[in-house]
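I worked from the whole chain down to single residues.

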Amino acid sequence: MAFSTAAPVDLPTRIGIELCGQFGHGLRMRAVGNELASRLTRTVHALDLANRALPLDRAHDEEEDLARLLIAAAWYQVCARSAFGFTYTPLFLTALENPDTFTLDRLLRLPHPDLVTDVVAQLHQAADGPLADLRARTRPADCIPGPTFPGTRVTADADLIADGLLIDFKSARKPRGLPQSDAWQLLGYLLLDDADRYTIDTVGFYLTRSGVLATWPVEEYLTLLGACRRDLTELRSVFHQLLASCQADAEPLTPTDQTSVQRLLQRLAPVAAPGHCPTCTQPLPDTAQRRTYCTPRCRSREQTLRNKGLLPEAPTPAVPIQRTTNPRPPREG
């Protein structure tokens, strides 16, 4: 919201407030959720969070109050993402225990002080780092909080797009390693924008505990992930065909389902043109030595991709990459 206050209450929170009405005492939780949404909206606008003439952070007591509001909103988000998980939130447990005393003030007293302190500390960490610099270089009109991807079969909401930069915020306790699933998640957001609605040209992660902003141009990111197709429009088209033919998040249950998925993957598998690497389909380096693969990594990946049905069935002859070596100088004496 320091980038844009266009959506003080994001879509998952609004959905969660509405859905919680289906639980026991849910109408009370929904009423409190609507009060929370109103308070959060007023607070965000009163603090003028997206004003570039003001610093990214506000006074400590104002940040603590905002943190409590956002933690409570996050509990409603859980209802939108996992109904089972929602039943374990302090919000649900408190409302279930005594619905008559469940009010907005009661809800805002639930977050543990250590949790509030931790959230505020991450905000102060961002105030003097690369995220603040990015904020200063952008305008609110060029920033999209919580972008969604209508028209797709997957319900997804990213974190932020700032002037063509898609950012995913990560608050891992140990931020040194990046799980593979996070890399795929960012790629998924990029591919879901098949109409290029957001004109994304760069992607990245902001690590809230270390204050690191790591970004890559889209083409470089696809290269790092070893994407066979580097043309973003083509890759999005194939991804759209995949989603149109498979139910998201559903594992094949029968041999027939598995065969159908395998055939689909084989149909969508890219075919390398002559003079191109059979694994990544990119042009082979123009060298004096004959090459079958552009890099040793592609050579080692080919069989794995083929076993998963991600490459055409016909195997590629395993021709080793020849490396040039400096001849040893003649011995003296």
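I took contact to mean heavy atoms within 4.5 Å. The model is a predicted one.

Entry 1, helix H1. I listed the buried residues of helix H1 (residues 11-19) and found Pro12, Thr13, Gly16 and Ile17. These four cover an arc of only 140 degrees around the axis, so they sit on the same side of H1. I then looked up what the buried residues of H1 pack against, and the partners are H2 and H3.

I counted 13 helices and five strands in the protein chain. The radius of gyration is 25 Å, well over the 20 Å that the globule rule gives for 333 residues, so the chain is more spread out than a compact globule. The C-alpha trace spans about 90 × 60 × 40 Å along its principal axes. I noted that 40% of the 333 residues count as buried. Among contacts with a separation of 6 or more, 63% are between residues 24 or more positions apart. The accessible surface comes to about 18900 Å², and carbon and sulfur atoms hold 53% of it.

I found nine aromatic pairs in the structure. Phe84 and Tyr88 form one that is edge-to-face, at 5.4 Å centre to centre with 65 degrees between the planes. Are the two partners buried or exposed? Phe84 is exposed, at 61% relative accessible area, and Tyr88 is exposed too, at 57%.

I went on to Phe169 and Tyr206, whose ring centres are 5.7 Å apart; their planes stand at 70 degrees, so this pair is edge-to-face. Phe169 belongs to strand S3 (residues 165-170) and Tyr206 to strand S4 (residues 202-207), so the pair ties together parts that are 37 residues apart in sequence. Phe169 is partly exposed at 28% relative accessibility, whereas Tyr206 is buried at 2%. I also noted a cluster in which ring pairs link Phe23, Phe86 and Phe92.

Where does Leu54 lie? I placed it in the loop between helix H2 (26-47) and helix H3 (60-81). With 35% relative accessible area, Leu54 is partly exposed. Not counting residues up to four places away in sequence, Leu54 touches Leu47, Asp48 and Arg135. I also checked Leu54 against Ala83, which is 29 residues away along the chain, and their C-alpha atoms are separated by 39 Å.

Notes:
Residues numbered from 1 in each chain as written. Predicted model: local features only at pLDDT ≥ 70, side-chain atom pairs only at ≥ 80, totals over all residues. Heavy atoms only, no water. Phe/Tyr/Trp six-rings, centres within 6.5 Å; stacked < 30°, edge-to-face > 60°. Buried < 20%, exposed > 50% of the residue type's maximum accessible area, 1.4 Å probe, protein only. Helix = DSSP H or I, 4+ residues; strand = E, 2+ residues; numbered from the N terminus. Arc of directions from axis to C-beta. Rg over C-alpha atoms; globule rule 2.2 N^0.38 Å. Areas by Shrake-Rupley, 256 points an atom, 1.4 Å probe, with all protein chains shown as cover.
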